[in-house]
Amino acid sequence: IHNQDRDRSLIAIKTKATYRFSPGYSVVIRGEWNRINYRLPLDDTGINRDSSGVRVTGGIYLSLTNVLDGEVFAGYHRRTYSSPALKTFSSPLYGAALIWSASRKTKVRLSADRRVEETTRIGSKNYVLTTYELAADHEFTPDLSLTISARKGWNDFLTLTATGLSAPDRRDSLTSLDVAAKYKFGRNFTGGLTYIMTRRSSSAALNDYARNRLNISLSARF
């Protein structure tokens, strides 16, 4: 399979404005303009996938007595393609990243995100990735910690002429569970043991899979 038509560069300009209107509460406005240029002028199907996009979000940042921190936001995304075969696409965006300090040694994280990703899949111009994650971190001792996280996501592949999120021509449902333990050996070494289970169920034939991974790591810092 020829994959050189995936090679691309991304140029982005981002800005952020924050206004604190009450102790522990702030309004956050983010803006981004970006440009994507593919190394090959045409992909394997003869389409120029170069594009430019605008992303604007507004949200509220929370910091409540060191118990709850994070941000909730919503916004809008628009992408314009160089090729007339790819219609201009726009969609709503939203996300959240909240951290609850349940105790001095336990933190619970809740996140949600929707974003638009590139693809060179034949018949699709992009896909919309929607992900929800719930995770918990617990420190048993200063040297031993455990993290458990569960994620649910969907990849909605859109046709070349789609201008919004309706009627994707393919949907992948993704489920994953991660369990990671870390142990510090003295001041400079950390050992890690991670189990990752991933399941994908696709509306396209022959694209389902299940994967189990076990990772063992040792890191050093001096």
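**The patch and the sheet behind it**

Modeller: Phe 140 counts as partly exposed, with a relative accessibility of 44% (buried is under 20% relative accessible area, exposed is over 50%, and partly exposed lies in between, with a 1.4 Å probe and protein chains only). Residues are numbered from 1 along each chain as its sequence is written, and the model is a predicted one, in which local features need pLDDT of at least 70, side-chain atom pairs count only at pLDDT 80 or more, and totals for chains, interfaces and linings use all residues. Side-chain values use heavy atoms, with hydrogens and water left out.

Phe 140 sits in the loop between strand S7 (124-139) and strand S8 (144-159), where strands are DSSP runs of E with at least two residues, numbered from the N terminus. Together with Leu 144, Tyr 183, Phe 185, Phe 189, Leu 218 and Phe 222, Phe 140 makes a nonpolar surface patch of about 780 Å². Patch residues have over 30% relative accessible area and no salt bridge, and nonpolar side chains (Val, Leu, Ile, Met, Phe, Trp, Tyr) are joined within 5 Å, whereas like charges are joined within 9 Å; the areas come from the Shrake-Rupley method with a 1.4 Å probe, and for residues only the protein chains shown count as cover.

The C-alpha atoms of Tyr 183 and Leu 193, 10 residues apart along the chain, are separated by 8.9 Å.

As for the sheet, 11 strands form an open, antiparallel arrangement in the order S1-S2-S3-S4-S5-S6-S7-S8-S9-S10-S11, two strands being paired if DSSP finds at least two bridges between them. Strand S1 (8-22) and strand S11 (209-220) are the edge strands, each pairing on one side only. From one strand to the next the twist averages 15°, with axes taken as lines fitted to C-alpha atoms and angles running from 0 to 180 degrees between N-to-C directions.

At the S1 end, 14 bridges join S1 to S2, and Ala 17 stands opposite Ile 29 in S2. The hairpin of S1 and S2 has 2 residues between the strands, and Gly 24 takes a positive phi near 90° there. S2 is in turn joined to strand S3 (residues 51-64) by 12 bridges; in this pairing Ser 26 of strand S2 (residues 25-38) has Tyr 61 in S3 as its bridge partner. Ser 26 counts as buried because its relative accessibility is 9%; its contacts beyond four places in sequence include Thr 18, Phe 21 and Ile 60. Ser 63, also a residue of strand S3, is partly exposed at 27% and is in contact with Gly 24, Leu 68 and Asp 69. Asp 69 stands opposite Ile 99 in S5, and strand S4 (residues 68-81) is joined to strand S5 (residues 89-101) by 12 bridges.

Turning to the charged pairs, the whole structure holds 12 salt bridges, each a side-chain nitrogen of Lys or Arg within 4 Å of a carboxyl oxygen of Asp or Glu. Arg 151 and Asp 178 form one of them, with the closest N and O atoms 2.9 Å apart. This pair links distant parts of the chain, as Arg 151 is in strand S8 and Asp 178 in strand S9 (residues 170-185), 27 residues apart. Arg 151 is partly exposed, at 24%, whereas Asp 178 is buried, at 14%. Asp 113 and Arg 115 meet at 2.7 Å, N to O, and Arg 115 is partly exposed, at 33%. Another pair joins Arg 170 and Asp 172 at 2.8 Å, N to O; Arg 170 is buried at 9% and Asp 172 is buried at 0%. Salt bridges with shared partners also join Asp 113, Arg 115 and Glu 117 into one network.

Notes
Helices (H or I, at least four residues) and strands (E, at least two) are DSSP runs, numbered from the N terminus. Contact means heavy atoms within 4.5 Å.
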